[in-house]
Amino acid sequence: MIELDRLCKRHGAVVAVEDLSLEVARGELLVLLGRSGSGKTTTLKMVNRLIEPSAGCVRIAGHDTRELAPHDLRRGIGYCFQQVGLFPHLSVARNIAITPQLLGWSEARIAARVDELLGLVELEPSGFRERRPSQLSGGEQQRVGLARALAAEPEVVLLDEPFGALDPLTRDRLQCWFNGLRRRLGFTAIFVTHDMVEALVLGDRIAVLEQGRLAQVGTPAELLSAPADATVAELMATPRRQAAIVERFLATRGRNA
Amino acid sequence: MTEQLRLLPGYFTAHLQLTLAALLLAVAIAVPLGISVARRRMLATPLLGVTSVIQTIPGLALLAIMVPALAALGALTQRTFGFELRSIGFLPALIALTLYALLPILRNTLVGIAGVDPALIEAARGVGMTETEVLRRVTLPLAMPVIVAGLRTAAVWVVGTATLSTPVGATSLGNFIFSGLQTRNHVAVLVGCAAAAVLALLLDQAIQALEAGLRDGRRGLVAGALLFLTGLCFWAAASFDAPGSRLASRAVVIGAKTFTEQYVLSELLAARIANATGLPTRTLPSLGSTVAFDALRAGEIDVYVEYSGTVWATLMRRAQLPEDRSRVLAEVREFLHTEHAIEIAAALGFENSYALGMRADRARRLGIERISQLAPHAPQLEIGGDYEFFQRAEWTALQRLYGLTFRAERSMDSSLMYQAVEQGEVDVITAFSTDGRIAAQDIALLDDDRGAIPPYDALVLVGPRVASEQPQVLAALAGLAGTIDAAQMRRMNLAVDRDGRPPAEVAREFLQTLGAN
């Protein structure tokens, strides 16, 4: 469904992404995992041309993304931002309605779709439709952001650390809910995160980026059992290392008590 | 008071028209300009610099500069496109005030756009907006409260500065203030200031409501404020009499400079023309000194009273006086006719000359009767003059012929000079010889024994259009030749300056006595 073909992005001498090739199958969710500055957000933005590649190309359903004008391309791809980016001067309903409006849907169809989406992201339509983004909690904002990304029924959705700014409890709940939603709707997605657990929970496959290069790509089980290099191995070990810290802490506390 | 209130609707409407037109024009220029350069620092910074420099020019100076600038531009358009711009009145005031309003609107447009979170711009692109849609749906709505705040600042500035547009011939609430200050009519000054303050508050509150409504997303407030402001615009536009209609009615326009004698004489000439020819007349008071002459030449006004010495020294730039002083009038007449097609309809019969004056008791004590006797005392004395005197050729001639050097030269409003010399603030003043306060305050005029100051015969000048097309006006004014002597003029001036009577009433009374004889 999505093919990244030898993508490069350079800013002068600085290389952000180097010779990156990946494929995402229809209905699959690929996680781009890596540390800060590894080039995962840059890669994501090159898919919908918020950033233009220096070299290489992206194909969606076999078509080079450069065949369309950038805004036409983006209307067909859902995009969910790390900072959410809801427009503060528009109501929740108007925020969700934006892409359908740009596509020229009828008002009646838009209204029905907004209510359907609010239901889908589990926000009561009558209570939330007319609210302003500033009147929502962080988790509610992120659900509205996701509803906006899904509004025009895109086949491809890009997500840039959508749960990164949330508290751990809300994040766990939303991850679980998102997993169910995705399997129900069946869209193809690329999901950027630096959180190993999130990658394991959500990803069909995980691509690990290091300094703009692809270190390894595979299912969570493959990466856990056969890491390609030391860095991937260390990354994969993070959850267990953190669990060990907790265990040790509990053990010493237990002795002292 | 009732006289002032009768004038209020006209002046208020004119002021509103000027203010709103300048603001709308400034918005139409500054907002698109701000949008187009907002993301280009290379252009935005110098543009802000230019508007800031305009802002530092004092309002009165900016307005005054527009007159010669437009006259020069008008000469150019006349040659290339065959139409002339009006360099006096609404247009120069409109341009100056628009320039004045640019800075706050432009600056706030730039600040407002820069203040929009870049993440929101990226989100807007991400959901599939074109650059135009990003601007229309996200950037501008979010920047709008800041832009409107700039409009609010501009509105208050323009209402205030518009009161200074009277000297360039644009009617405004400033007419109350300028004529009131000159004729010592404090009620008029207060009415003008109060009305301007009310207008400023009104606009400020309406725009503030618009700003608050936009910021908090209160649709009702935005709609209400917009309705009020649009209503105001429509009302101002509806009561605007287009230049064309004014031209069609062909009112004879009589100008006046900014001192009492000129107000009285302009009313006197207007009444005389109306009585003798039945033509409609209009007075355009409080014009700057050279503005009046430029206005006459350009046909913005048709008639005004000028003094032969002013033409001689300021317009003809002649420093030397001829042996025979009567040659001055003949040469002035020749100059006006051949250079500007302006005719002298009548010499009214009195001179209003610059004369050096001192308190009579002071002059007696120092033994000064003539200017030549003043020279040795001058280094210990201070002289007060009106705004233009120390720039004029007469002053140069006085200094040269008498070797006058004073301890200090102080410029002040001509209506305050007499008070200043009486209270000893200054020792010598450049009095006008017909001023009623000379006799009333016991001021001694010093004899110009070396002939430095040219004769200042009061002349009724008639502009080219009326001179060629309406000879009956010329004839009516010619009948006034020699009818006003210096004593009569002084009495009329005193009636206004000391007794606070309206100039029009004093002028009417004089014409009645003239008719009775």
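Analyst: Below we go through confidence, the core, a loop residue and a sheet.

Analyst: This is a predicted model, where local features need pLDDT of at least 70, side-chain atom pairs count only at pLDDT 80 or more, and totals for chains, interfaces and linings use all residues. Residues are numbered from 1 along each chain as its sequence is written, while chains are lettered from A and ligands numbered from 1 in the order in which they are written.

User: What does the model score for ipTM and pTM?

Analyst: ipTM is 0.88 and pTM is 0.74.

User: And what is the mean pLDDT of chain B?

Analyst: The mean is 87, and 97% of chain B residues reach 70 or more. pLDDT is the predictor's confidence in each residue, from 0 to 100.

User: Which element of chain B has the lowest mean pLDDT?

Analyst: Helix H10 (residues 243-249) of chain B, at 44. Strand S3 (residues 303-307) of chain B has the highest, 94. Helices (H or I, at least four residues) and strands (E, at least two) are DSSP runs, numbered from the N terminus. Over residues 242-248 of chain B the pLDDT is below 50. Beyond near neighbours in sequence, that stretch has one contact in the model. Contact means C-beta atoms, placed from the backbone, within 7 Å.

User: New topic. Which residues touch the most other members of the largest nonpolar core?

Analyst: Ala101(B), Val158(B) and Val460(B), in a core of 226 residues. Helix H4 (residues 90-114) of chain B gives the most to this core, 16 residues. Such a core is a set of buried Ala, Val, Leu, Ile, Met, Phe, Trp, Tyr and Cys residues joined through C-beta atoms within 7 Å.

User: What is Val460(B) in contact with, leaving aside neighbours within four places?

Analyst: Its contacts include Leu269(B), Val303(B), Ile344(B), Ala346(B) and Leu480(B).

User: Where is Ala481(B)?

Analyst: In the loop between helix H21 (471-478) and helix H22 (486-497) of chain B. Outside four places in sequence, Ala481(B) contacts Ala346(B) and Ala347(B).

User: Why is Ala481(B) classed as partly exposed?

Analyst: Because 15 other C-beta atoms lie within 10 Å of its own. Buried takes 20 or more, exposed 12 or fewer, and partly exposed is in between, with C-beta atoms placed from the backbone.

User: Over to chain A. What is the strand order in the open sheet?

Analyst: S2-S1-S4-S5, with antiparallel pairing. Strands pair if DSSP finds at least two bridges between them. Strand S2 (14-24) and strand S5 (63-64) of chain A each have a single partner strand, so one side of each is left without a neighbour in the sheet.

Note on methods. Contact = placed C-beta atoms within 7 Å.
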